[in-house]
Amino acid sequence: MNADVETVRTADRKHVFHSWSAQELIDPLPVAGAEGSYFWDYEGNRYLDFTSALVYTNIGYQHPKVVAAIQEQAARMCTVAPGFAVDVRSEAARLIAERTPGDLDKVFFTNGGAEAVENAARMARLHTGRPKVLSAYRSYHGATTGAINMTGDARRFGNDSATAGVVHFWGPYLYRSPFHATTEAEECERALRHLEDTVVFEGPRSIAAILLEPVVGAAGVLVPPAGYLAGVREICDRHGIVFVLDEVMVGFGRTGKWFAADHWDVTPDLLTFAKGVNSGYVPLGGVAVSAAIADTFARRPYPGGLTYSGHPLACAAAVATINTMEEEGIVEQSARTGAELLGPGLRALAERHPSVGEVRGLGTFWALELVRNRETREPLVPYAASGADNAPMAAFAEACKKGGLWPLTAGNRLHVAPPCNIGAADVAQGLEILDEALSVADAHATA
Ligand code: PLP
């Protein structure tokens, strides 16, 4: 199908109900095509995609090997019910289980990240017989009823039913330390003490799971201090709590390892994934399950399932994506791009631009924290700002787009998340565009 731009725009405005939006206040850009790290509109404007869509096109758009695998699977068998054993589903599960840490050797497939989180929470509750889940304030876990209540960031506000058995706590974030810490070691120690206190005062025997993003994604690109995840693992073990790591955004190469947990050699009891598992070419997510939790459901039925669990087209895309990432060294490329190009390049921007308060990240996953004042760290826009309050960030994003780069902004931050296999020349071009656009943010900075 190749409709003209006005047909696309008109039908979109008339019939498509968009996520997270006031429907009459948006004007979605009609996109005509995409390849590699770029997409383009009907007027021929090309955009360097520093968002990887919603941080999921880890191998870029239209990778020919994945497209061919989907086409081949479509010709062979588009679909079959989830109760059967199917070659591509078995192979996708094997490839995932081989890469997940420790004894996470069984995979429950879902259609995306939120369903993965819902099922992880359900497994933890049934395994322990306990009701509560603890999760971080600075977190995003999805938009279904359970997952949005487990989410800590402002997207929860419009959905908060306060009935989901969720208790929030503060994770480590040295730049805006909730613990008044001044070093990584202090932040780590105090964040762990706060979590331990929270567990003790909530009643350890009421807590099924602690749910964490190993590197917090949408809520800040927050890389934990060394020792934090191992400390959480220890708290979970001591209190018989299931440790769930949500790798939906940071799994499959995003941080320069197959899984972010690999940076700290930590093994959770459950690991949720989606997005990068098949670069989002066909919706897929899942939960990797430890031997002990799998055993709970060895002779007792698991009370959950999905019509499209392990859909053959999605699994074929996962098999091709994982094999391609292996063949083309994309995980290693992501690590190198971070260490040699993005990290140094973004730090150089911070030196030139007074609006950049902090640069942090790993692999192809970075954030620039934009501020009005580097001393006070006053954010460029307030927390959960919208409308006029958000104008400086909106103007900065507009300047990026004018320069030919599609930016991912969240609160007062620019998140930098291009495909994990972005080329060096494209990184350089992206940094040049950001250099220019940051002068718009600089206009609001006083120190
Ligand atoms: N968990 C994390 C860490 C995420 O970043 C996201 C989405 O961004 C989700 C869960 C929800 O995934 P989905 O939108 O596929 O339901």
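Arginine 122 sits in helix α5 (residues 113-128). Helices here are DSSP runs of H or I with at least four residues, strands are runs of E with at least two, and both are numbered from the N terminus. The model is predicted, so local features need pLDDT of at least 70, side-chain atom pairs count only at pLDDT 80 or more, and totals for chains, interfaces and linings use all residues. Residues are numbered from 1 along each chain as its sequence is written, and side-chain values use heavy atoms, with hydrogens and water left out.

**Arginine 122**

- Arginine 122 counts as partly exposed, because its relative accessibility is 33%.
- Buried means under 20% relative accessible area, exposed means over 50%, and partly exposed lies in between (1.4 Å probe, protein chains only).
- Arginine 122 touches Tyr302, Pro303, Gly304 and Gly305, leaving aside residues up to four places away in sequence.
- Contact here means heavy atoms within 4.5 Å.
- Glycine 146 is 24 residues from arginine 122 along the chain, and their C-alpha atoms are 9.8 Å apart.

**The ligand**

- The residues around the ligand are Gly112, Gly113, Ala114, Tyr140, His141, Gly142, Glu213, Asp246, Val248, Met249 and Lys275.
- A polar side-chain atom of aspartate 246 lies 2.7 Å from a ligand nitrogen atom.
- A polar backbone atom of tyrosine 140 is 3.5 Å from a nitrogen atom of the ligand.
- For lysine 275, a polar side-chain atom lies 3.0 Å from a ligand oxygen atom.
- The protein covers 80% of the 390 Å² of accessible area that the ligand has on its own.
- Accessible areas come from the Shrake-Rupley method with a 1.4 Å probe; for residues, only the protein chains shown count as cover.

**Strand β8**

- Five of the five residues of β8 (residues 242-246) are buried, so the strand is largely enclosed by the rest of the structure.
- Val242, Val244 and Asp246 are buried on one side of β8, and Phe243 and Leu245 are buried on the other.
- Strand β7 (residues 207-212) runs parallel to β8, and four bridges join them.
- Two strands pair if DSSP finds at least two bridges between them.
- Isoleucine 210 has phenylalanine 243 in β8 as its bridge partner.

**An open sheet**

- Four strands form an open sheet in the order β1-β2-β3-β14, with mixed pairing.
- β1 (31-35) and β14 (405-406) stand at the edges with a single partner strand each, so one side of each has no neighbour in the sheet.
- Strands β2 (residues 38-41) and β3 (residues 46-49) run antiparallel and are joined by three bridges.
- Phenylalanine 39 stands opposite tyrosine 47 in β3.

**Strand β12 and its partners**

- Eight of the nine residues of β12 (residues 365-373) are buried, so β12 is largely enclosed by the rest of the structure.
- β11 (residues 356-362) runs antiparallel to β12, with six bridges joining them.
- Arginine 360 stands opposite alanine 367 in β12.
- β11 and β12 form a hairpin with two residues between them, and glycine 363 in the turn has a positive phi of about 55°.
- β16 (residues 413-416) pairs with β12 in the antiparallel sense over four bridges.
- β13 (residues 378-379) also runs antiparallel to β12, joined by two bridges.
- β12 and β13 form a hairpin with four residues between them, and arginine 377 in that turn has a positive phi of about 65°.

**Loop residues**

- Most residues other than glycine have a negative phi.
- Histidine 180 is not a glycine, yet has a positive phi of about 55°.
- Histidine 180 lies in the loop between β6 (166-169) and α7 (184-202), and counts as exposed at 68% relative accessibility.
- Phenylalanine 252 also has a positive phi, about 60°.
- Phenylalanine 252 lies in the loop between β8 and β9 (270-273), and is buried with a relative accessible area of 1%.
- Asparagine 58 lies in the loop between α2 (52-55) and α3 (64-76), and counts as buried at 1% relative accessibility.
- The contacts of asparagine 58 include Phe252.

How values were computed
A residue is near a molecule or strand if one of its heavy atoms lies within 4 Å of it. A polar contact is a pair of N or O atoms within 3.5 Å; within protein, one must be able to donate a hydrogen and the other to accept it, and residues adjacent in sequence count only if both atoms are side-chain atoms.
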